[in-house]
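This briefing sets out selected features of a single structure.

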Amino acid sequence: MSSPCDPEYAPAGDVGAALMMIDSRLKSIHAGKTEIDPEQHKLIDQYMASLGPGGADDVLDGACSLVFLFMQWLRSAHQDHDKDVIEYVVPPLVATLRRMPKSVRPETIPTMAGLAIAAGTGLSPSLWRKQYGDWSEAEMNALEATAFLLAEHINRVTDDPDFATRMVTEALTSADED
């Protein structure tokens, strides 16, 4: 039976813009920059403002699509070892989010866990979240942190600091060719 949260009903959003933001953050962290560069922050704010309200929603959907893609890849990788992605990915994700109180407010963590679980079980994170109303401002940082942490987890699993970004870029390229 089909679910209203099936990915086939979900907008992909602006995956490219969301990936650019996550990849930029990954590169900054790997370069030892734990604080957001004020110039980079200004550029991101200008870019987001230029998108308008619909564009910002597209980036939100794009970030949810990234969470879905990352969780599906992790699900496949864990199934190859007879392990459950929910059991092995979600608790460490939640623990890490809890250690980020400046970026991730505690009340947003259950929603981020729900997004990861929805994606890990094959549901659209954006449609799952939509059931509960509009996104809160606090959830924006938490969503970015969730996508970042999942990408970083994939990069550690593969021992390749660019694997998650390359995987999505290749998927987008092949989708454009089809």
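Relative accessible area sorts residues into buried (under 20%), exposed (over 50%) and partly exposed (in between), using a 1.4 Å probe and protein chains only. The model is predicted: local features need pLDDT of at least 70, side-chain atom pairs count only at pLDDT 80 or more, and totals for chains, interfaces and linings use all residues. Residues are numbered from 1 along each chain as its sequence is written, and side-chain values use heavy atoms, with hydrogens and water left out. Helices are DSSP runs of H or I with at least four residues, strands are runs of E with at least two, and both are numbered from the N terminus.

**Salt bridges**

- A salt bridge is taken as a side-chain nitrogen of Lys or Arg within 4 Å of a carboxyl oxygen of Asp or Glu; by this rule the count comes to six salt bridges.
- Side chains of opposite charge can pair when their charged atoms come close.
- Glu-144 and Arg-25 form a salt bridge, with the closest N and O atoms 3.3 Å apart. Because Glu-144 lies in helix α6 and Arg-25 in helix α1, this pair ties together parts that are 119 residues apart in sequence.
- Arg-25 is partly exposed, at a relative accessible area of 21%, whereas Glu-144 counts as buried at 19% relative accessibility.
- Glu-139 meets Arg-129 in a salt bridge with an N to O distance of 2.7 Å. This pair links distant parts of the chain, ten residues apart, with Glu-139 in helix α6 and Arg-129 in helix α5 (residues 125-130). Both Glu-139 and Arg-129 are buried.
- Salt bridges that share partners join Asp-23, Lys-27 and Asp-162 into one network.
- Asp-23 and Lys-27 are four residues apart in helix α1 (residues 15-30), so about one helical turn separates them.
- Asp-23 counts as buried, at 16% relative accessibility, while Lys-27 is partly exposed, with a relative accessible area of 44%.

- Glu-152 lies in helix α6 (residues 137-158).
- Glu-152 is buried yet has no salt bridge, and the nearest side chain of opposite charge, that of Arg-156, is 4.2 Å away. For charge, Lys and Arg count as positive and Asp and Glu as negative, while His and the chain ends are not counted.
- Contact means heavy atoms within 4.5 Å; setting aside residues up to four places away in sequence, Glu-152 touches Leu-26 and His-30.

**Packing of helices α2 and α3**

- Helix α2 (residues 38-79) and helix α3 (residues 85-98) pack at an angle of about 130°, with their axes 9 Å apart. That angle makes α2 oblique to α3.
- Axes are lines fitted to C-alpha atoms, for helices over the stretch in contact, and angles run from 0 to 180 degrees between N-to-C directions. Angles under 35 degrees count as roughly parallel, over 145 as roughly antiparallel, 65 to 115 as roughly perpendicular, and the rest as oblique.
- On the α2 side, Met-71, Leu-74, Arg-75 and His-78 meet Val-85, Tyr-88, Val-89 and Val-90 of α3. By class, this contact of α2 with α3 has six nonpolar, one polar and one charged residues. Here Ala, Val, Leu, Ile, Met, Phe, Trp, Tyr, Cys and Pro count as nonpolar, Asp, Glu, Lys and Arg as charged, and the others, Gly among them, as polar.
- His-78, in helix α2, counts as buried at 12% relative accessibility. Beyond residues up to four places away in sequence, His-78 touches Lys-83, Asp-84, Val-85, Tyr-88, Val-89 and His-153.

- Leu-172 lies in helix α7 (residues 163-177) and is partly exposed, with a relative accessible area of 32%.
- The C-alpha atoms of Leu-172 and Val-15 are separated by 8.4 Å, although the two residues are 157 residues apart along the chain.
- Apart from its neighbours within four places in sequence, Leu-172 is in contact with Val-15 and Gly-16.

**Positive phi angles in loops**

- Asp-82, in the loop between α2 and α3, has phi near 55°, a positive value in a residue other than glycine. At 75% relative accessibility, Asp-82 counts as exposed.
- Asp-159 has a positive phi of about 55° although it is not a glycine; Asp-159 is placed in the loop between α6 and α7 and counts as exposed at 71% relative accessibility.
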